[in-house]
Amino acid sequence: MDSVKETSAPPAGAGSQVAALYQAHAAGLVRLAMLMLGGQSGQSAAEDVVQEAFLGLYRQWGKLSDQGRAVAYVRSSVLNGCRDVLRRQSRTVPAALLEPNVASPEAQVLLAEEHREVLAALRRLPGRQREAVVLRHCLGLPEAEVAVAMKVSRGTVKSAAHRGIAALAKILKEDQ
Amino acid sequence: MTIEERLRATNQAVADAMRPVRPLELPGEQPARVPAGRRSRRWLSWGAPLAAAALVAAVAVSLALVRQAEGPPPVTPTPATSGSATPLASIPRYYVALAGVGRSRPGVLKAVVGDEQTGRTVAVLNPSAGQNFYGVTGAADDRTFVVTSYAGTETTWYLLRLTPGAANPAQLTRLPIKPVAARVAGLALSPDGRELAVMWRTGTTQANAVTYLAVYSMTSGAALRTWITRGDNMNAIGGAANEQGLSWVNGDEGIDFRWSVLKDGTGIYTTLIRRIDVTAPGGDLLADSRVAVRLPNTVAVTKTTRSWPCYTSLTAGNGTVVCGTLSTGNSFQEVCSTVPPSFVTYSGTTGKRLKVLYQYHGQCLYAVSVVVWTDPTASRVIAFLALSEKGINMAATDQFGVITDGRFTPLPKQVVGDANDVAF
């Protein structure tokens, strides 16, 4: 009889604890990813990012020094995943195409024009401003949690969010 | 409208437009990398590596929130249409399921009281604002249930009393039991409905983990008994509200719980059914409990197939342990023929394997067998059998059934909800 290396057996604990976290937070994190990706890629791409983040959490579960901070860890991973997606897209998609009128059919079906405008405007913000605005103003997270997710200081969150809002106002006004 | 208001409106619009998030896929055998590119949304096209199958099987039954709308048609266990004259007799008529029904906010579970005899929904109860139901257990009278609720930091307790035919057939009242600062991992109402057994763990690291088993009075809310053990000793608990298979045995004088210990460095789990005497003194969860059944380790049957002999369990009132298996692998032709999904009983006295209550014969890629309810002698069991042929099948509602005389008879009426969130 051949043996199977069992070092990653589906555990009764880690898997189910990560699953419980997923159950509680997946929807919110997918929404975060959709906002970060600007609605261009639709929900499936956002789900891919979130799945990757939870996969990373699962792999690292035993090494987490504080499992109570798992949500902050996975939120930060989602942001990282979104950065990767956007980086890949920026290398392959001409900036001119990143406009609301070329959103994926899925995104077009899902959202009204006014909201797609906001998503498109978000997409045009510098990365740090976009993250600060989405986490702080869309998801309503406290500055301290935004800082942890972005791995920056609270002061940076404050200034990035402020500048982001100002830039959004300008973009949306110009587009009218 | 300010920019901030437009952002909030867009956020809400995105939330409203989202379809249910697909279930979590985790690796089992090897940390297989999830493809970075965009995947098809159909389960069938995901392929079926051992890794995905194994963990999804582990995770799937606890994911009521994240149902996938698309996917292969349900795989119904081979039904028994003849044989036992009354396979559905003597099972509880009413159940309470926690499910996102009606106009639920995403992720919010309601308590749905169902009548298995008629298929009707008796009542739907909402959690109070900021709360969310996540666990349920029932007494033997088919009328008394306890529902747990979680609000981000602690678990609170509700009594659900059922009065069929009354103008208000289901009443939910908060129990006087002190909230617990954790999600519970074991939950069992005594058959007479007078005491509630709960297991949970606090702490965030192996060093500071403390596992508790407590028995509470349903009338006064007082903690009648508490047992603890410190450190996790490579033991992981958590997940579903009764993941530990907490069960009352021997005339409510004992409590069984499943205790899986990971052999350090091996990845192999040894699963024990431990039994604690509620009438005996002591407060040490492990020192004051004894091993009733030492179950076979996780088994690697072939290079590509494996089985967990007791992935879920409940103990009948007479002390007989009923186990449900998990079978997985990466070959559709091989898995269920090599490690057939089974419900097996073990003696809580001798620890020996007694009999196979039911074994599924057919093809599958993975199968998880959940023990949902057992009668006092383990001769009649309500079970949930989740099978997947290819990819991942989450169509759970038609796979609840009654096992008796070696047969699995699907329940005639659909049970709302998920195997881990239903109490009969």
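Predicted model: local features only at pLDDT ≥ 70, side-chain atom pairs only at ≥ 80, totals over all residues.

Tutor: Setting aside neighbours within four places in sequence, V322(B) is in contact with S313(B), L314(B), A316(B), F343(B), T345(B), L357(B), V371(B), T374(B), A378(B) and V381(B). V322(B) also belongs to the largest nonpolar core, a set of 104 residues. Within that core, V322(B) is listed among the residues with the most contacts, together with V96(B), V372(B), V381(B) and A383(B).

The chain around V322(B) may now be considered. Chain B contains three helices and 25 strands, and 51% of its 424 residues are buried. Among its contacts between residues at least 6 apart in sequence, 58% join residues at least 24 apart.

One sheet of chain B may be followed strand by strand. Four strands form an open sheet in the order β3-β2-β1-β25 (chain B), and their pairing is antiparallel. In chain B, β3 (121-125) and β25 (422-423) each have a single partner strand and stand at the edges, so one side of each lacks a neighbour in the sheet. Strand β2 of chain B, residues 110-115, is joined to β3(B) by four bridges, the two running antiparallel. At the level of residues, A111(B) has L125(B) of β3(B) as its bridge partner.

Key
Residues numbered from 1 in each chain as written. Chains lettered and ligands numbered in written order. Buried ≥ 20, exposed ≤ 12 C-beta atoms within 10 Å, placed from the backbone. Contact = placed C-beta atoms within 7 Å. Pairing = 2+ DSSP bridges. Core = buried A, V, L, I, M, F, W, Y, C linked by C-beta atoms within 7 Å.
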